[in-house]
Structures are given as C-alpha cells and as structure tokens.
Amino acid sequence: MKPSRDAATFQVVDELGLSRLGDLLGTRACKRKALDRHAALPGKAPGALLGTLRHWILEAAIQGWWRAGGIVPAVPLAEWGMLESADGRRLIAGRLVDEAVARMNGELSRTEPWRAPLSRAWAPIAWHNVLVHLRSLAVAQLPSKPIPVPMASGAPPKLARGLKRTEVPLSSKPLHLRGSADFVEWTEDDIVRISDFKSGAVLEPEGHLKEGYVLQLQGYALALDDMASPRPKGFRLEVVADSGVFDVDGRRETLGVLRSRIEGQKLPWGQAAATAVDYETAGPSCMHCPQRPRCASYTQYAEEGWRSNWVGVGQRPLPLDIWGVVESIEAGTTTLRVGIRSPEGERRLVAGLARRHFPSRLCQIGEPIWIYALQTLEGARSGQFVHPLNFHEEGPKPWTSAWTTQVFLTK
C-alpha cells in the first residue's frame, strides 16, 4: 500500500516517554515524532541492541564501584579489566551481542517459530522479550559480577529518604510524563540524586551536553517531585557516560521554568491532533523518526536533499530511504534487485530486498514504490557522506543488514 503521507491527523499519546521530551521541546524538535501514538516504522535495528548492552555494561561497572564503597566515577575501577575503558566496553558488548543473537536465533526458531529468525521478525513485542533474554546472557558473561542493587520489580519503591535503587519508575499525571530513571538515591540531607547512564556520545560538537539528555533528566526530577510526599529539598542530576560524569541543572527555579513550558503546550493528550502538519518540523530529527512514511514534511525535505545533493560531514545527511518509479527488477529465490528512478531523476539500486514484502504480487516496472530504513555499503569520501546510489536490505552479515525495512506500493 502507499504510505499515508497525506494523513491530516494522527492520534496523540496519553503520556509522553521522558526520553522523548527533547523531541517535544528541543531546539530542533519535531513534536509529531514525540507525540504520534502509532509508529509507521516499528521495531529497532541491531545497532540498538549494541547500545542497550553497552548501557548495561556501564551500569554493571558503576555498581562495581558502589560495591567498593566509592562514588560514581568517570571511569570504573581498574580491577574490572576491560571494563575500565570505553573501547573495552564496546568490544565486550559487540562480542556478547554477536553471541546472544546467534544463540537466540537458534532458540527462537525452535520455541517460537512465529518470530524467528530475528532478522525477519523484529517486532516491538519481540523486542522486549529479546532484551530480557539478552540481559541475562550479558550479565552471565561479564568478567566480574557486581553485588545486585535492588531492581524495579514487584511493588513500586517508596520515594523517601534512604532510597537507593536502579530502574525507578517515575510519572507525572499533571504533566502527562512517564519514564524509568536508571538510578535514584535520596540522601539523608534530603537531596535526590538522579543518574542517567549513557553509552554513546553525550556532547554536542560545541562541547555541551545534548539538549535532549538535559530535558530528560529534568523531566525525571519533575515526575519524582509530583509523586513524592513530602517533596525533597533539592535535586542533583547527572549524566554518567563513557567519557565522564556531567552535571545537569536541577535547581528549583530551572525545573519550574520547564514545568511551565510543558504545561504551555496545550496538547490534545489521548486524542486526535487536528492538523498533523502543525506538529511536523523536518530536519535532523528525521534521521531516526519512525513516522517518516506518514510525514509529508519529511517527504519534501528528503526530496530537496536529493535534488541538492546534500553533504553530511561525519554523518549521513538523510535517512537511508528511497522512493520513485521501478525501472528494473531481478528476481531471486528469496530476494529482489530493484532499480528505481527517484524524483530528482537519479537512478538508485536496492539489492537484497526480501520477497516477503510482496505477499500477493511483486512490484512492477513503471510502478511507484517507497522503501524505508535500508542499509548501504557506500562509505564517506574525505569524511563526507552523500545520499547513496546503492542500497540493500539483506547484507553479507547480520550487522550489515537492514532489519526494519518497510516497503509500500500504490495498492
């Protein structure tokens, strides 16, 4: 079917995940990315697994520091071996992901055939179960074991002095916010420390913390403030990353300004947004947005980028999507090789396109086609990226494949 880019409305979420607060309020934010209840590109790519596992390894390393009686450091203790360096954590995470995916592919094909192999069934419902399984595999293989810190299971934790816990669920009904803080400690001097663990880059090129991370932590503080009775005297907010520990402004006056900004949005929570385009802001935030097939603003933005041959320095200028008119088809047993003439007149090639995208019929020459979330082997030239001429879905290795590709036809 054709992507519903002309949809005049969309359903707004009941509550906003705090990790999306930057998408709602950030300088280059797109409100639709934050608020649209239904994702047009469901699922997550294998790279997200790697980031999640690195997050757990960092968390385990920090727990090891707590075990030794220390305070959250910029780097963990040397006794953790490879865990003491960011590169070491990445190597361990990559190895564990490879082993876990290979193991789970085999196990899921035997126990739950409806979602195996993973590369062909990366649905949101499978994602949660995969993460739970992968977490147990990762912890079992860590070179050193931390003493467990109480986890968020069973009854919700009591928000009061003495609290020291990972994965604390927080929410604010007045602000329609929800999320889970990585670590919360309510000290005896009535200050709440909220730590958010980040496994990737946390700084902007200018050297300051990414705006979305700042808003996320401040949102956690607002949610805890609305849940706790009595409220704490103050907050200490920090991002804990491979590169160090970074403080975030948690002063009451700063949090009050953020509360007013959220309340001033006047959003139709849980209802239909009257005009979708009023919530759309095409730009860098489109890169990982799951709403791209339904967004007219993104379509215009991408086509302008293709016509102007935009260049990205150090990163791709546009998502790895392509659409246009089918010019050639080479059909294999399980995949297709499709030549496409994109709107600006360039010929693009999509190889390894799985036939499962065409359950009733294959695409036809002369027919419009839209393909989202592909991969490419085309790298940068002198540090600069352009939109590729050659894409693929199924690559030579699992980590070079596009696991969340979606294909749309006119009917």
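In this predicted model, R292 lies over the face of Y298, at 6.0 Å from the ring centre. A second contact of this kind involves R348 and W306. The charged end of R348 sits over the W306 ring, 6.0 Å from its centre.

Both aromatic residues, Y298 and W306, belong to a cluster linked by ring pairs. W323, Y372 and F408 complete the cluster. The structure as a whole holds six aromatic pairs. The W323 and Y372 rings have centres 5.6 Å apart and planes at 35°, so this pair is tilted; planes under 30 degrees apart would count as stacked, and over 60 as edge-to-face. W323 lies in strand β10 (residues 322–331). Y372 lies in strand β13 (residues 368–372). The pair therefore ties together parts that are 49 residues apart in sequence. Both partners are buried. W323 counts as buried because its relative accessibility is 3%, and Y372 counts as buried because its value is 0%; the cut-off for burial is under 20%.

A search of the whole structure finds two cavities of 30 Å³ or more.

Key:
Residues numbered from 1 in each chain as written. Predicted model: local features only at pLDDT ≥ 70, side-chain atom pairs only at ≥ 80, totals over all residues. Heavy atoms only, no water. 1 Å grid on protein atoms, 1.4 Å probe; cavity = no way out; pocket = protein on both sides within 12 Å on 5 of 7 lines; lining within 4 Å. Points joined across faces, edges and corners; volume = space filled by probe spheres on them. Phe/Tyr/Trp six-rings, centres within 6.5 Å; stacked < 30°, edge-to-face > 60°. Helix = DSSP H or I, 4+ residues; strand = E, 2+ residues; numbered from the N terminus. Buried < 20%, exposed > 50% of the residue type's maximum accessible area, 1.4 Å probe, protein only. Lys NZ or Arg CZ within 6 Å of the ring centre and 35° of its normal.
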